[in-house]
Amino acid sequence: HDERLDRAVALKLLHGDAADGSQPLQQWLQEARATSRLAHPHIVPVFDAELIDGLACLAFELVDGGTLAALLRSRGRLPARDAVELMLGVVDGLRAAHAQGIVHRDLKPSNILVDAGGRARVMDFGIAARLDGGGAPSDRDPLAGCIVGTPGYLSPEAAAAAAPSAQMDVFAAGLVLGELLAGERLLPERDARAAVRRVRDDDLLLPEDADADDRLRAIVQRAIARDPADRYDSAASLRDAL
């Protein structure tokens, strides 16, 4: 309960040595606060990022609903129309974030909530990166040079610790859409190093038994193209295709 504003919030705590007040931690909190300006129907806003009792903490809007990961576990793969309608909201949220120079960097089913009305909402911009006005990474990124994200949803560039770009989120969105259509992860390796190697070296494919016609299959494959030059150049382009 946020006593200052008298509202319920969801909290995410960063475990570890967060109480030292180090410059990287303070910079991370400052970057996380920068995402609080995102306001979109398909984004769960960050209300605050601060130290509480020595723990770095993000405060989000409390959403009545479960994650897309939980929905997949309970229902299995979704019909193509349902999958596309959910992802239209997700990609539109990404488009809005990118328009404000913010790249999510960790899009995956467990970071997408489905509210009580069935609306998909992207959450957890805690490791988001900011781009400058020309689309280049901010020189203040506390995670510069690191592999950032979750193995199994990383783009090839992210797996190579490249500078953040909006196309990294496009790749992750393609993987999530493919998972909704197939009912299984397109990159199922549980070993993190194996997953990183494979996404860098191999072309990923939507399984043959996925619920997708030729047009939808082509959209997924273009979204998860290993070479960014072959991929949709933006979330807006992917949304238009869907």
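Me: Buried means under 20% relative accessible area, exposed over 50%, and partly exposed in between, with a 1.4 Å probe and protein chains only. Why is Arg4 called exposed?

Reply: The relative accessibility of Arg4 is 63%, and the cut-off for exposed is over 50%, so Arg4 counts as exposed. This is a predicted model, in which local features need pLDDT of at least 70 and side-chain atom pairs count only at pLDDT 80 or more, while totals for chains, interfaces and linings use all residues. Residues are numbered from 1 along each chain as its sequence is written, and side-chain values use heavy atoms, leaving out hydrogens and water.

Me: What makes Asp48 and Arg4 a salt bridge?

Reply: The rule asks for a side-chain nitrogen of Lys or Arg within 4 Å of a carboxyl oxygen of Asp or Glu. Between Asp48 and Arg4 the N to O distance is 3.4 Å, so the pair meets the rule. Asp48 is in strand β2 (residues 46-52) and Arg4 in the segment before β1 (9-14), so the bridge ties together parts that are 44 residues apart in sequence. Helices (H or I, at least four residues) and strands (E, at least two) are DSSP runs, numbered from the N terminus.

Me: Why is Asp48 called partly exposed?

Reply: Its relative accessible area is 21%, which falls between the 20% and 50% limits, so Asp48 is partly exposed.

Me: How do you know that Asp92 and Arg95 form a salt bridge, and where do they lie?

Reply: The N to O distance of this pair is 2.7 Å, so it falls within the limit of the rule. Both residues belong to helix α3 (residues 80-99), 3 residues apart, about one turn of the helix. An α-helix has 3.6 residues a turn, so residues three or four places apart point the same way. Asp92 counts as buried at 14%, whereas Arg95 is partly exposed at 32%.

Me: Why is Leu187 called buried?

Reply: The relative accessible area of Leu187 is 1%, so it falls under the 20% limit. Leu187 is placed in the loop between α5 (166-182) and α6 (192-201). Leaving aside residues up to four places away in sequence, Leu187 touches Gly152, Ala195, Arg198, Val199 and Leu204; a contact here means heavy atoms within 4.5 Å.

Me: What makes a set of residues a nonpolar core, and which members touch the most others in the largest one?

Reply: A core is a set of buried Ala, Val, Leu, Ile, Met, Phe, Trp, Tyr and Cys residues joined through side-chain atoms within 4.5 Å. The largest one has 53 residues, and those touching the most other members are Met87, Val90, Leu107, Leu181, Leu206 and Leu238. Helix α5 gives the largest share of this core, 11 residues. A second, separate core of 13 residues includes Leu25, Trp28, Val44 and Ala56.

Me: How do you know how the buried residues of α2 are arranged around its axis?

Reply: The buried residues of α2 (residues 68-75) are Leu68, Ala69 and Leu72. Viewed down the axis, they fall within an arc of 105°, so they line one face of the helix; the arc is that of the directions from the helix axis to the C-beta atoms. Arg73 and Ser74, on the other side of α2, are exposed. The cover over the buried residues includes β4 (65-67), α3, β6 (112-115) and α5. Gly76, with a positive phi near 75°, follows α2.

Me: Why are β4 and β6 called paired strands?

Reply: Two strands pair if DSSP finds at least two bridges between them. Antiparallel β4 and β6 are joined by 3 bridges, so they pass that test. Thr67 stands opposite Leu113 in β6. Strand β6 is also joined by 3 bridges to β7 (residues 120-122), again antiparallel, and Ile112 has Val122 in β7 as its bridge partner.

Me: What makes both faces of β6 count as covered?

Reply: Ile112 and Val114 on one side and Leu113 and Asp115 on the other are all buried.
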